[in-house]
Amino acid sequence: MGNLSEEDLYIGREQTLVKHLILRKYLERFAHKVGSKWACITYIDCFAGPWNVQSSKLSDSSFSIALEELRKARATQLKRGHVLRLRCFFLERDPGAYEQLQKFTASISDIDVKTLNGELEGAVGEILSFVRDGGSGSFPFVFIDPTGWTGFAMNTIEPILKLHPVEVLINFMTGHIRRFLDSPQKDTQDSFTALFGSETYRKGLEGLTGVDRDEEAVRLYSENVKRVGGFDFVSSAIVLHPEINRTHFHLICATRHPEGMAVFKESEKMAMQAMESARAAARQRRRIDRSANRELFSAGVMNDSDYYDSLRQRFIEIGLAKVEAELAEKGRVPHDILWQITTSVPMVWESDLKDWIRDWISAGKVRLQGLVGRQRVPQRGKNVLVILQKPIPK
């Protein structure tokens, strides 16, 4: 297993590849940005694993990827004369996985690492204590990556969400949740009430099916995370099943800083391209396995991206409708508000907002106020107003 290529490490678990890409890219930017201004980064993994790793060095585990990116940021800061301290707390409840985790971390001497064998419900106090021990110059990042929907009830993670500062990445296991949301078992119903933080999610999902139901469940959960933690920005990335046209899980990012959301959306955009390539390869392997015949053309050429394209179009229309509704109601809207609305929708990016504004300007529907110098395109943080000139047709 030790000599597998990066691609081979994720065969049969392409969804994990996408998750790790988002985590890696997010941490890459997060650690460099936060590390340039803060004395310390405290990384918390509440369900560390490892699970289903293929690398003998555990290089395809989340904690290994996190350590790699944190070390890169520290090295960059050191070249700039800034000493960045790194601290990690890895929690794992499974004894077998924890043994692997312990062996991996035992040789680490350049980072302050604490491991704990236990469940999140009983470890929140120790996590908060570890964060506090980092001092006022420490910025925590918390990764909640469970294997199901239990063990991280809203009231359990509430003290973590309320940390100041903190950025949080949560794996919402949409596929598992979809299958059991309508279970008549009281224990199961109670577990979903605990997950969402109240019973109101049931009313919100009434009458919905398919993607509409998946997305409303994620939206309701995200809104509760936002409310409980007092976050200004929450969005999610969709991770599709490698072989079938269905959502596997969502990664939900919660932050109080627009730059944190910008980094997440850039990571999502990059990962979506990689996801379609990985899905194309996975589906070609399945076709070849079933037919026992090789295919003449590459996976990319043979790929049918209709489902991804339809999802992307769906969310573009949702994002566009939200932005147009804000403009129609207010008439004059800060560009940063429109950016916040746009980036709250999965699969919709800042580049889409720029395209919409460019088209509206060309059609005389809006004008911009506050551009300076040779600036033609609004940027975040520059106090640019988007002013409606005439109604945008529905």
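Author: Two strands pair if DSSP finds at least two bridges between them. Helices (H or I, at least four residues) and strands (E, at least two) are DSSP runs, numbered from the N terminus. This is a predicted model, where local features need pLDDT of at least 70, side-chain atom pairs count only at pLDDT 80 or more, and totals for chains, interfaces and linings use all residues. Residues are numbered from 1 along each chain as its sequence is written, and side-chain values use heavy atoms, leaving out hydrogens and water.

Reader: Is Gln375 buried or exposed?

Author: Gln375 sits in the loop between S9 and S10. Beyond its neighbours within four places in sequence, Gln375 is in contact (heavy atoms within 4.5 Å) with Lys382 and Val384. Buried means under 20% relative accessible area and exposed over 50%, with partly exposed in between (1.4 Å probe, protein chains only). Gln375 has a relative accessible area of 14%, so Gln375 is buried.

Reader: Now the sheet of seven strands: which strands stand at the edges?

Author: This open sheet has mixed pairing and the order S3-S2-S1-S4-S5-S7-S6. Each edge strand has a single partner strand, so one side is left without a neighbour in the sheet; the edges are S3 (112-117) and S6 (233-240).

Reader: Lastly, how do H13 and H15 pack: oblique to each other, or what?

Author: Helices H13 (306-330) and H15 (350-362) pack at about 55°, their axes 11 Å apart. Axes are lines fitted to C-alpha atoms, for helices over the stretch in contact, and angles run from 0 to 180 degrees between N-to-C directions. Under 35 degrees counts as roughly parallel, over 145 as roughly antiparallel, 65 to 115 as roughly perpendicular and the rest as oblique. Therefore, relative to H15, H13 is oblique.
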